[in-house]
Amino acid sequence: MVAEGTDHPPTDDTPRPEPERTGTDGPGTAASTATDAGTGTGTDADAGRADDAKIAAAVAAAEAAAPANGESVRIDSWIWSVRLVKTRSLGSAACKGGHVRVNGERVKPAHSVRIGDEVRLRNEGRERVVVVKRLIRKRVGAPVAAQCYIDNSPPPPPREAVAPAGIRDRGAGRPTKRDRRELERLRALGAPGRPGGPGGGPGPASGGRGRAGGR
């Protein structure tokens, strides 16, 4: 039967209000928000776990290089093992030359180093100040060496401050006559009173280079 006042019978196409979405169906729900927030923190957590794994591996390698049965470690061996010097002979020479101090005292190469000692080393124009954390007697890689001491070293000097005067860049070609005069002037500033310097006559080397500069 058709209702009065209507032209068409009711059908099932009449729009109905949609039910409220709950749970994780909508992007604005609490569950989806928590999921989105967890995505960013998960990446940071993974990176943190990877760093922790690398540190743990470095510590394990350092412990493996430690002396057995409580044996002592020489200072020249330790500074070589933790890569403060390139060779053990250089470490020994630095100790003999008075360039290595332990707790403020100059030491010999055979001095026994202990955990907690402050080691000061001057090498290649830079001063290193480290506190011993682990004793090792075998040379290890740089990441492992960093786990063996606390680095309190001052920042290295600028490259310009340690570059010797008169050194030309590679590939610059043969110096011109003007370049040679400038090099001689810089060398004379570094060694006052040297022949060819301020107030001195021309050095013997300057006359032998005239032929090369005349080309």
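Contact means heavy atoms within 4.5 Å. This is a predicted model, in which local features need pLDDT of at least 70, side-chain atom pairs count only at pLDDT 80 or more, and totals for chains, interfaces and linings use all residues. Residues are numbered from 1 along each chain as its sequence is written, and side-chain values use heavy atoms, with hydrogens and water left out.

**Figure 1. The whole chain.** Among contacts between residues at least 6 apart in sequence, 47% join residues at least 24 apart. The chain holds 8 helices and 7 strands. Both are DSSP runs numbered from the N terminus: helices are H or I with at least four residues, strands are E with at least two. Of the 215 residues, 24% are buried (buried is under 20% relative accessible area, exposed over 50%, partly exposed in between; 1.4 Å probe, protein chains only). The accessible surface comes to about 15,500 Å², and carbon and sulfur atoms hold 53% of it (Shrake-Rupley method, 1.4 Å probe; for residues, only the protein chains shown count as cover).

**Figure 2. Helix H3 and its buried face.** H3 spans 88-96. Its buried residues are Gly91, Ser92, Ala94 and Cys95. Seen down the axis of H3, they fall within an arc of 160°, so they line one face of the helix (the arc is that of the directions from the helix axis to the C-beta atoms). An α-helix has 3.6 residues a turn, so residues three or four places apart point the same way. The buried residues of H3 pack against H2, strand S2 (100-102) and S5. On the other side of H3, Ser89 and Lys96 are exposed. Gly98 follows H3 and has a positive phi, near 80°.

**Figure 3. Asp117, a buried charge.** Asp117 sits in the loop between strand S4 (112-113) and S5. Asp117 is buried but has no salt bridge (a side-chain nitrogen of Lys or Arg within 4 Å of a carboxyl oxygen of Asp or Glu). The nearest side chain of opposite charge is Arg114, 4.5 Å away (Lys and Arg count as positive, Asp and Glu as negative; His and the chain ends are not counted). Beyond its neighbours within four places in sequence, Asp117 is in contact with residues including Val102, Ser112 and Val130.

Figure 4. Arg83 is not a glycine, yet its phi is positive, about 70°. Arg83 lies in the loop between helix H2 (75-81) and H3. Arg83 is partly exposed, at 40% relative accessible area. Glu124, also a residue other than glycine, has a positive phi near 55°. The loop between strand S5 (118-123) and strand S6 (126-132) holds Glu124. Glu124 is exposed, at 62%.
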